[in-house]
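Here is a short briefing on a two-chain model. Interface first, then the cores.

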Amino acid sequence: NKNSCVEAGIRGICVGRCKSKEAEIKRINKELANIRSKFKGDKALDGYSKKKYVCKLLFIFLLGHDIDFGHMEAVNLLSSNRYTEKQIGYLFISVLVNSNSELIRLINNAIKNDLASRNPTFMGLALHCIANVGSREMAEAFAGEVPKILVAGDTMDSVKQSAALCLLRLYRTSPDLVPMGDWTSRVVHLLNDQHLGVVTAATSLITTLAQKNPEEFKTSVSLAVSRLSRIVTSASTDLQDYTYYFVPAPWLSVKLLRLLQCYPPPEDPAVRGRLTECLETILNKAQEPPKSKKVQHSNAKNAVLFEAISLIIHHDSEPNLLVRACNQLGQFLQHRETNLRYLALESMCTLASSEFSHEAVKTHIDTVINALKTERDVSVRQRAVDLLYAMCDRSNAQQIVAEMLSYLETADYSIREEIVLKVAILAEKYAVDYAWYVDTILNLIRIAGDYVSEEVWYRVIQIVINRDDVQGYAAKTVFEALQAPACHENLVKVGGYILGEFGNLIAGDPRSSPLVQFNLLHSKFHLCSVPTRALLLSTYIKFVNLFPEVKPTIQDVLRGDSQLRNADVELQQRAVEYLRLSTVASTDILATVLEEMPPFPERESSILAKLKKKKGPSTVTDLEDTKRERSVDVNGGPEPAPASASSTPSPSADLLGLGAAPAAPTGPPPSSGGGLLVDVFSDSASAAAPLAPGSEDNFRAFPKHPRISAGGSEFVCKNNGVLFENQLLQIGLKSEFRQNLGRMFIFYGNKTSTQFLNFTPTPVPRCGLDSLTRTHLNLQTKPVDPTVDGGAQVQQVVNIECVSDFTEAPVLNIQFRYGGTFQNVSVQLPITLNKFFQPTEMSSQDFFQRWKQLSNPQQEVQNIFKAKHPMDTEITKAKIIGFGSALLEEVDPNPANFVGAGIIHTKTSQTGCLLRLEPNLQAQMYRLTLRTSKETVSQRLCELLSQQF
Amino acid sequence: MIQAILVFNNHGKPRLVRFYQHFPEEIQQQIVRETFHLVLKRDDNICNFLEGGSLIGGSDYKLIYRHYATLYFVFCVDSSESELGILDLIQVFVETLDKCFENVCELDLIFHMDKVHYILQEVVMGGMVLETNMNEIVAQIEAQNRLEKSEVRQVL
């Protein structure tokens, strides 16, 4: 038996005989030399010998050895007329593909002959070779020929099958070389072929073609539906050989369902109805008792079922089917077959994104969490993580993040990094409470520090810097986390950075006094890598600014040989420069150079997208939502903000803000968390200002008389008008302001016919708590004639000088006698800080540059409030101009927004102010942001302007 | 599409390797080794699917495998294939081998490497499922055997 000779040849080189790798290589090299000499020998080898040696070469190749000869012999074999020689020749060429062009020419020639031979066996071999090699040269040679073979009437079924898959391969390799044409419609009709093997191959081909040419192949939908319908409704014996363990044609069903996923739901109601019927039948069959206990039966049945579910999810149009699909997957989640649990988790992931079924998917959360905890198989646990991530929303984020964190403690190393990223994304995306966010990220570092990539820890720092409401908490938390005897270096980085910025917020507690903070960080210093130590040195110099009392200690450290003479040039340079800086710089310079990091620029685009998505009228809860969503979004979407990533090479390098200036943002960065802050301040401001406009106190003197004019806030944006009026008295105003000086004409009109006697109006500056030590406003006036005749008017001139910025307006106390009674009126004089505004025109570029410079949280004040007046653009513009600032047109990228700029002049200082007002017409709300170099100025201007809309 | 079909024994020795996407020979060997290490550490009776190794495309590809006695049959597929369908296809392939070799064992794969390839070619062509009907596959193989025998007779 000649076949056994091949066997013997292989037996000779079988690894089983070789004791070591070296021995195997030696044996194989000997064999290769032998074959090479046979091929090159003078004596022509007969077909059988060639076949034997080629087969040996294939085996040697399988064992992992390079084969660089034998191709020519293989081409000789496949050109032979003998079937067995042709077969092994083609096999060799298919396995050991070679790009030698001369060789390919010979091969193509042989293939061409075989395709033309009309011998179905030879044609099959040739088509196999084309499909397996699938090179561009072959596509060039045969892309025209293969479609003809496929649709020719007299082609045998087995050849048709091969031709379909061969064409599919050529189309994948070189779609440009496969011309669409007459054959396409005939290919679609192969879906009706008698031979199910042909239908299966044709379905694969059409699915791939339809993905790129949906229009050309859309008639395949109705044919596929009717074919599927015939299979699904057939008795299990109808399809004979294509019934696999009692399931009729499972592979073909799967392929047809895949093909239908290239298209939307059928438009023709009849086709659509038939398809729905098929899908329902498949879902119903899942509930029937199995026809066999063999796993093949359940596999085949469920393969069809999962594909049907995929199609239902793809169509995403029939809520009824979607819910049934979800329930079916829910059953599989608890199935004893691991494979089914795996696939159910995977399918549910796609189902979670459908609006019809998201809620239904969420009901399985406990099962999925349980899978995470109990599945033995990492690939199943991985799917459970994916599904938890997909089903996460605001309602369950805390639970899911907690479960993922606890899973992380024991998670396989292979999937830790992915889980870390997912937790970080979810924690940020759904953070309502930023303390929770900080805790979560610190836990991530504690549990899986090695897997926390730079992006994740950069992000937590960006968020803490941008949100002043979490800074104190963050400082406290990192301080506590650093107490652990062994903590991850990433924690040291985060801790170093945050304490360097915000350590002062916890320094009041003796347990975390400056020196304690420093000693804690420095105890980690020597165990850290160079980049972390560089970061810590920056923290130290920041401490010098924050805590003058630890300056000598830190200078000693910087002066030490291990810093000043460190072999690492970066550490050495930092030590030298920081030491020098701490020695020569004055407190003011230190404070400027080592100022707190400005907020990181955020992406405007995602905020706008979010705003556009918001619909419906505003309610209080909407406001909460708006705030929350904004703040979430302000801190970026899932991925770290590219702007901050690119402009800030690394926080450690840019800790001092001395690095390259960040690129200008496309729009002024909206404040983060400013809303809350303003709420707090505005509350306290009104509490401290009992004379706020409209409050009862203004009219203490006239309990009996109705109030006529509330006075006050309408004068913020204008200088002339009636300030006060009752039955006796009318007070009118006319005023002008220039830089820090002003002059106000007050007109007192006696509305009665009786004289006022002892008429003494006295403007009094009212100041805050520090009025004892400082005067913010100087008011000078001359007494007026104490007698005001009935119907007459007297005038009083008040000269005003603004010494420094102030909150509380002066009060005008007026006393007089009318008839027999003594009258006393107190009115707030509308002299507000904005009166000392000088408008400043500036370009968009200047505006944003200054906006960025004023990005410390204290410099910005923001207020989000409901519109009290109709939101009219022109009126708004007039108010901003009346407020005193310049109205800057075409500065804000969003034309609906208003921006302004100006300088507040006081005797002691000039304060640059930038403002931005963003109306939201849908919600009937405004967001007002003020940025000035002085916190009190920002606050006061924001309060004043907020009342105007 | 099926990217590769790998069969190796419990020690990682390759017994049948077929790539339907072109990889340099060196990478082919690495893929076999990587795949072996991925499936070897998995217990029996757990899930038959896992994400592909880094060399063959990572998470876009799945490894679907079955473990029979001394041999692992691993199909590396992209997302266009049904996992359970491929699992059944492995079964069809193995059952066909069993029919053709009468109780197939590892040695059959070594000594009849060419035959195993021919059987595989009747099941998978250019990375696509060609035929799933075992009777049809066996009929094709028997026809091949008859042709071979007739040629042998001619030579004799």
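Which residue forms a salt bridge with A:E24? The partner is B:K13, with the closest N and O atoms 3.6 Å apart. A salt bridge here is a side-chain nitrogen of Lys or Arg within 4 Å of a carboxyl oxygen of Asp or Glu.

This is a predicted model: local features need pLDDT of at least 70, side-chain atom pairs count only at pLDDT 80 or more, and totals for chains, interfaces and linings use all residues. Residues are numbered from 1 along each chain as its sequence is written, chains are lettered from A in the order in which they are written, and side-chain values use heavy atoms, leaving out hydrogens and water.

**Interface of chain A and chain B**
- The rule finds 6 salt bridges across this interface.
- Helix 10 of chain A (residues 157-173) gives the most to the side of chain A that touches chain B, with 8 residues. Helices are DSSP runs of H or I, at least four residues, numbered from the N terminus.
- Contact means heavy atoms within 4.5 Å. The contact takes 69 residues from chain A and 62 residues from chain B.
- The two chains bury about 5,900 Å² between them, 54% of it on carbon and sulfur atoms. Buried area is the accessible area (1.4 Å probe) that two parts lose on being put together, summed over both.

**Nonpolar cores**
- A nonpolar core joins buried Ala, Val, Leu, Ile, Met, Phe, Trp, Tyr and Cys residues through side-chain atoms within 4.5 Å. Buried means under 20% relative accessible area (1.4 Å probe, protein chains only).
- The largest core has 275 residues; A:I111, A:L444 and B:I2 have the most contacts inside it.
- Another core, of 55 residues, lies apart from it and includes A:L779 and A:F883.

Definitions and conventions. Buried < 20%, exposed > 50% of the residue type's maximum accessible area, 1.4 Å probe, protein only. Helix = DSSP H or I, 4+ residues; strand = E, 2+ residues; numbered from the N terminus.
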